[in-house]
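Subject: Structure handover

Hello,

Below is the structure I said I would pass on. My notes on it follow.

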Amino acid sequence: MDRSLVLGYTTIGLAVRRVLPGWPADAPAGALRGRHVLVTGASSGLGVATVKGVADLGAAVHMLVRDEAKGAKVADEVRATRPGVALRLWRCDVSDLDDVRRFATDFAEEVPDLHAVVHNAGMMPPTRTESAQGFELSMAVHLLGPVVMTEALRGPLSGGRVVFVSSGGMYGQPLRADDPGYATGDYAPATSYARSKRWQVEMAPLLAERWAADAITVATMHPGWADTPGVQESLPRFRAITRPVLRDDAQGADTSVWLAAVEPAPPTGRFWHDRVERPTSLLPTTKPGPDVRARAWQWLHEAAGLHD
């Protein structure tokens, strides 16, 4: 189904899989009661759906947003529909590594025990843009910021979980360890987005090894084709064609919520879609060799300031 894209990534795939034998069970009611969950990019789309999903399972939810006014409106909506929910709003620009470290320090002082972080924040810049530290913006938001944040939160996250919200679009791109900043060639927003998502998936097993000392599990997942604000703004033609079968936000966030809540924790370092582990490459041309992966890891190690 996934190789057909339309059958696997749309509402069709999810509807079929839900009724087939072997569909993984939902996390039980109250599965996250008394546990803290951090969701980045929590003011729109999949982020809002993830906040609602973990809140419905009893979590104390920490919403990380860049736009506090927008985030406050979402928080008010969640509180109005879920009386008694424990909800805290935080501000941080995930692309700015200094701001990420500032946030992580403040957060760790208040939340000493964090069950899960869902790295959902994302963007698709229309032109090549750099972060405050000079990194290509898609890479900063989707990879460097989340890695730096997780590294800084290893104490509170001990024994917890990390979920990266990736994209099925990464299947179309190789791991460009030779050009992590998209400095060569003609810039294309969708390509930049997919490249950074490929990096997430390929680095996940190595990050899982690094964070295993703190019993932190790592998962990457892709939500399928969801009718998110990002799709509406950045891919209007694609949306016009596929809108009847696009997933809603809750359907797109289903696997993120499941990965954060299900017991026991899923195997670490794997790539997931619709609650099932999926291959990381469908074509030989996008499957990196050990030397390419090692070069990419070295770049990430240096760019994110990962000290042994």
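Predicted model: local features only at pLDDT ≥ 70, side-chain atom pairs only at ≥ 80, totals over all residues.

Overall figures first. Along the principal axes, the C-alpha atoms fill a box of roughly 50 × 45 × 35 Å. The secondary structure consists of 12 helices and 8 strands. Of the 308 residues, 55% are buried. The exposed surface comes to about 13100 Å², with 54% of it supplied by carbon and sulfur atoms. Taking contacts between residues at least 6 apart in sequence, 74% join residues at least 24 apart. There are 33 positive and 35 negative charges, and their mean positions lie 5 Å apart.

Two residues were looked at individually.

Arg17 belongs to helix H2, residues 11–19. Its relative accessibility is 10%, under the 20% cut-off, so Arg17 counts as buried. Its side chain makes a polar contact with the side chain of His273 at 3.3 Å. Not counting residues up to four places away in sequence, Arg17 also touches residues including Met1, Asp2, Trp23, Arg247 and Asp274.

Thr217 is in strand S6, which covers residues 217–221. Leaving aside neighbours within four places in sequence, Thr217 is in contact with Gly160, Arg161, Val162, Ala265, Pro266 and Thr268. Pro266 is 49 residues from Thr217 along the chain, and their C-alpha atoms are separated by 7.9 Å.

Regards

How values were computed: Residues numbered from 1 in each chain as written. Heavy atoms only, no water. Helix = DSSP H or I, 4+ residues; strand = E, 2+ residues; numbered from the N terminus. Buried < 20%, exposed > 50% of the residue type's maximum accessible area, 1.4 Å probe, protein only. Polar contact = N/O pair within 3.5 Å; in protein donor to acceptor, adjacent residues only side chain to side chain. Contact = heavy atoms within 4.5 Å. Areas by Shrake-Rupley, 256 points an atom, 1.4 Å probe, with all protein chains shown as cover. Lys, Arg positive; Asp, Glu negative; His and termini not counted. Charge placed at Lys NZ, Arg CZ, Asp CG, Glu CD.
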